[in-house]
Protein chains: 2
Amino acid sequence: IKNSSNELQDFAEKAWEMGRSDPRKIIFAIKMGLALAIVSLLIFWKGLYDISQYSIWAILTVIVMFEYSIGATFIKGFNRLLGTLFAGMLACCFAELSLLFGRWEEVVIVISIFIIGFFASYLKLYPTMKPYEYGFRVFILTYCILMVAGNRTREYAEAIVTRLVLIAVGAGVCLVINVCIYPIWAGDALHSLVVKNFKDVANSLEGCVNGYLKCVEYERIPSRILTFQAYDDPLYNGYRSVMESSGKEDTLLGFAIWEPPHGRFKTFKYPWKNYAELCGALRHCAFMVMALHGCILSEIQAPAERRQVFQAELQRVGAEAAKVLRKLGSKIDKMEKLGHGDILKEVHEAAEQLQRKIDEKSYILIKSDSWEITRQAMENLLDVKENENMQLGFKSLSETVLDLGSLSVWTPSSPKRDSSGNLFRKQEPWPSRLSFGAGAGIREKCRTYESASALSLATFASLLIECVARLQSLVEAFEELSEKADFVEPMVTDTAI
Amino acid sequence: IKNSSNELQDFAEKAWEMGRSDPRKIIFAIKMGLALAIVSLLIFWKGLYDISQYSIWAILTVIVMFEYSIGATFIKGFNRLLGTLFAGMLACCFAELSLLFGRWEEVVIVISIFIIGFFASYLKLYPTMKPYEYGFRVFILTYCILMVAGNRTREYAEAIVTRLVLIAVGAGVCLVINVCIYPIWAGDALHSLVVKNFKDVANSLEGCVNGYLKCVEYERIPSRILTFQAYDDPLYNGYRSVMESSGKEDTLLGFAIWEPPHGRFKTFKYPWKNYAELCGALRHCAFMVMALHGCILSEIQAPAERRQVFQAELQRVGAEAAKVLRKLGSKIDKMEKLGHGDILKEVHEAAEQLQRKIDEKSYILIKSDSWEITRQAMENLLDVKENENMQLGFKSLSETVLDLGSLSVWTPSSPKRDSSGNLFRKQEPWPSRLSFGAGAGIREKCRTYESASALSLATFASLLIECVARLQSLVEAFEELSEKADFVEPMVTDTAI
């Protein structure tokens with residue numbers, strides 16, 4: 001008992017915390033309670049016409065229609081309206097029909113309910129009917145209720161009209177309270193979700209590049225990452241939340257297009273669809289961030305010394321790309337156009353610089369000791385590299401001397417990093433291979449993975465460049481949105497983009 | 001009018017087609033109609049006690065509880081049960097309380113409705129309460145209805161009991177019809193979805209590798225792909241459907257764990273959760289397939305001649321990996337264990353072969369003419385490569401002669417492929433760069449991208465190897481599932497895995 005009372009206390013604390021961090025949730029609950037209380041006053045209506053026995057219809061309408069966001073409330077209301085009207089009309093027809101049949105009346109009613117139930121259930125499975133699922137439910141429900149009530153009182157017309165009026169009252173109370181008291185707009189939520197997504201991808205991208213350069217490694221990759229479940233890792237969470245948000249975006253988009261102009265979204269037909277497209281383009285970039293993270297997760301890792309060679313360039317590309325993403329995010333937040341100047345200029349320059357560096361130093365990215373003739377030349381080159389100490393300047397080869405010690409740079413760093421000598425401790429991908437093959441076999445394989453480890457740096461760099469290339473379509477999507485949504489021109493002080 | 005009648009005809013045809021391709025949908029609709037018709041017979045009950053005025057409760061229960069799959073029906077039923085019971089208990093308490101207050105009765109009722117509405121609306125926003133959202137709705141609804149009905153007749157106890165009995169009748173009819181007549185299980189759907197996902201990824205992977213080797217290119221990348229929307233491209237659709245299916249899997253999983261043992265899933269506590277994990281691991285592989293497809297979409301492309309060099313190895317890895325995926329898929333389908341032998345043996349061998357080949361030919365993957373000293377040696381090597389004609393054998397260098405013509409292999413193929421000389425026609429990533437910089441600037445940049453184009457082949461190969469590495473965790477997830485779910489041992493004839 002003490003345990004469960006503790007749990008209850010814990011739950012209460014969390015529930016209180018939820019309200020404090022997002023007061024809109026408390027406001028929503030108060031609004032709902034208020035709407036119900038107002039509608040329930042109808043119970044005590046003692047007028048000329050006893051309406052209280054039907055008051056449940058108004059209450060029912062409030063319960064099903066009152067949704068968190070205004071767009072959702074409108075959709076539900078629309079569904080309820082359509083469903084009720086169609087059901088009312090059909091009920092009228094079948095009621096007349098059943099009266100004609102006299103003593104077979106009951107059979108006709110049961111058959112009509114079967115037919116209505118069949119068609120409504122079947123059609124709501126039709127793909128494009130998904131958003132109207134609720135409408136079909138209301139339709140069947142209303143039809144059945146009208147038939148039951150009409151059959152009892154023999155006053156079909158009266159039963160139908162009273163109910164329609166009460167449903168209208170319930171819907172009216174719902175809409176007035178939901179729109180007039182502290183409205184919660186799905187459009188606002190979509191807007192902030194997009195802004196948040198930009199920040200998340202930017203953080204994740206920057207984190208991946210920095211983590212890669214710092215040789216961040218996972219002792220053991222959490223199986224939650226391997227199965228793409230939620231996991232408490234900022235790098236991973238950043239891009240994962242963007243990818244998982246697509247369902248949420250679709251839902252919010254579906255609601256937002258129903259909302260009237262409000263707040264900062266002043267035009268009718270506000271281009272909400274472009275928000276979804278922008279998020280799609282952002283996701284297209286996020287996939288590359290995911291692939292970059294994949295390089296960190298991979299069991300084949302480039303040695304730290306080689307990563308150092310490209311450190312400045314990689315970091316600059318990562319930082320510039322993240323800057324572009326953050327800038328776009330804040331532009332959306334402020335609803336500003338891009339302005340003159342090319343937002344991608346710096347990141348493209350950084351990418352080109354990285355590319356040139358790769359170009360110059362591509363010998364670092366491969367394992368070349370199998371090209372017998374060039375082996376010695378290689379060693380010379382490596383020596384140059386060592387002496388350079390990450391400087392961009394390229395010393396003339398005549399200054400360098402052959403230094404066999406530099407060969408150690410070529411051996412993959414795994415033996416250094418892992419005293420057990422197990423190259424595959426992460427993900428343990430080929431354990432059977434390692435235990436089967438012995439002696440020379442293993443050595444042969446280890447040499448093979450040495451070259452893979454160097455290539456993984458090339459992979460990282462080229463994924464990063466591809467990520468930069470994908471920014472272009474993101475910027476285009478943003479420009480389309482900013483045109484259609486009529487974003488403001490940026491302030492003049494902002495010319496130094 | 002003719003137009004809309006055409007549309008209607010079109011709709012009818014499609015609806016008919018939907019039923020023909022998946023008869024379960026028709027059966028579901030018939031079952032729903034049947035359940036409604038049976039419950040509606042209560043309307044005509046003329047017994048000792050006039051039950052017909054409450055018959056709408058049974059109908060309402062059927063309408064809200066009757067869901068496509070049995071698991072969903074159980075969940076709805078459970079929600080309805082809990083919601084109704086709690087509401088009934090609370091209604092009893094508040095009814096007694098309101099009677100105590102005498103003339104303030106009505107105020108107490110309205111306040112109680114406000115409080116109930118507030119708490120129920122607030123708690124249903126609590127994250128872990130999501131699956132019980134429907135229960136909260138039923139709870140509010142039932143509470144309000146009981147208060148209204150009780151207040152009218154002053155017989156709170158009777159109002160509550162009658163309604164509970166009728167709800168039980170409706171729920172009973174629902175369950176009996178849904179379970180006994182051609183049951184549709186969410187577990188079956190989840191099982192087939194997993195099998196289908198495996199096939200999709202395998203096809204997509206194989207398609208990507210083959211497409212890359214055939215130098216498939218997109219004239220213009222459809223903007224739907226750039227914004228990750230549905231698009232009619234088999235390669236793209238394969239992995240996209242797997243990634244998008246996560247929501248569907250979660251829904252089905254939520255239903256499946258409620259279902260009793262049935263069909264081939266004979267144990268209680270069948271490990272449905274492992275299906276979701278398996279899908280997560282599959283998605284982890286699919287991300288790599290997506291990255292491979294990204295190489296095809298990329299505007300920087302490796303020249304076809306260089307791809308040819310690795311053709312045999314790349315193709316073998318792709319084919320073996322797809323084979324493993326298909327094998328796992330069919331094992332799940334047949335509910336068979338893996339058996340002895342290592343399912344990954346061949347694909348690992350293929351990956352190692354590819355790795356060795358990269359190792360030998362890594363000079364193809366980079367642009368080395370900036371390493372002045374090795375230039376001549378390079379040319380020799382290239383010459384060797386040309387003479388080899390994709391043979392694995394390595395001729396001794398003494399046999400080769402310096403052939404400057406072989407340098408043409410080094411120039412990137414883009415000018416050959418694109419007469420307009422525009423390297424960036426796809427995605428047009430750096431158009432501003434190209435138009436701004438002129439003359440020498442462009443040439444410098446083109447040289448930069450030449451090396452990028454060669455590196456993109458390295459990227460493709462190393463992504464493919466990473467994809468193979470990820471198969472390991474997939475196989476582990478499968479083994480865990482096959483143990484927990486007690487899959488059968490494979491037939492003896494199947495030893496040659």
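**A close look at charged pairs**

Modeller: Lys484(A) is exposed, with a relative accessible area of 52%. Please bear in mind that the model is predicted. The side chain of Lys484(A) forms a salt bridge with that of Glu480(A), the N to O distance being 3.4 Å. Glu480(A) is partly exposed, at 35% relative accessibility. Both residues belong to helix 19 (residues 440-484) of chain A, and because they are four residues apart there, about one helical turn separates them.

Arg20(A) and Glu17(A) join their side chains in a salt bridge of 3.5 Å, N to O. Helix 1 covers residues 2-21 of chain A, and the two residues stand three apart in that helix, so about one helical turn lies between them. Arg20(A) is exposed at 56% relative accessibility, while Glu17(A), at 38%, is partly exposed.

Chain B supplies a further example. Here Lys323(B) and Glu320(B) are bridged through their side chains at 3.8 Å, N to O. Their spacing is three residues within helix 13 (residues 311-334) of chain B, which means a separation of about one helical turn. Lys323(B) has a relative accessible area of 46% and is partly exposed. Glu320(B), by contrast, is buried: its relative accessibility is 13%, and the cut-off for buried is under 20%.

Glu67(A) and Lys76(A) from chain A, together with Lys124(B), Glu133(B) and Arg137(B) from chain B, are linked in a network of them. Over all chains, the structure holds 38 salt bridges.

The cysteines give another picture. The count of disulfides over all chains is zero. Cys174(A), for instance, is in no disulfide, and the nearest cysteine sulfur to it, belonging to Cys180(A), is 12 Å away. Cys174(A) is buried, with a relative accessible area of 0%. Cys279(A) is likewise in no disulfide; its nearest cysteine sulfur is that of Cys285(A), at 12 Å. Cys279(A) also counts as buried, at 0% relative accessibility.

Among contacts in chain A between residues at least 6 apart in sequence, 79% join residues at least 24 apart.

One pair of helices shows how such elements are arranged. Helix 2 (residues 23-40) and helix 3 (residues 55-65) of chain A have axes that come within 9 Å and cross at roughly 170°. The two helices of chain A are therefore roughly antiparallel to each other. From helix 2 of chain A, the contact is made by Met32(A), Ala35(A), Leu36(A), Val39(A) and Ser40(A). Helix 3 of chain A contributes Ala58(A), Ile59(A), Val62(A) and Ile63(A) to the contact.

Methods
Residues numbered from 1 in each chain as written. Chains lettered and ligands numbered in written order. Predicted model: local features only at pLDDT ≥ 70, side-chain atom pairs only at ≥ 80, totals over all residues. Heavy atoms only, no water. Disulfide = S-S within 2.5 Å. Buried < 20%, exposed > 50% of the residue type's maximum accessible area, 1.4 Å probe, protein only. Salt bridge = Lys/Arg side-chain N within 4 Å of Asp/Glu carboxyl O. Contact = heavy atoms within 4.5 Å. Axes fitted to C-alpha atoms, helices over the stretch in contact; angles between N-to-C directions. Parallel < 35°, antiparallel > 145°, perpendicular 65-115°, else oblique.
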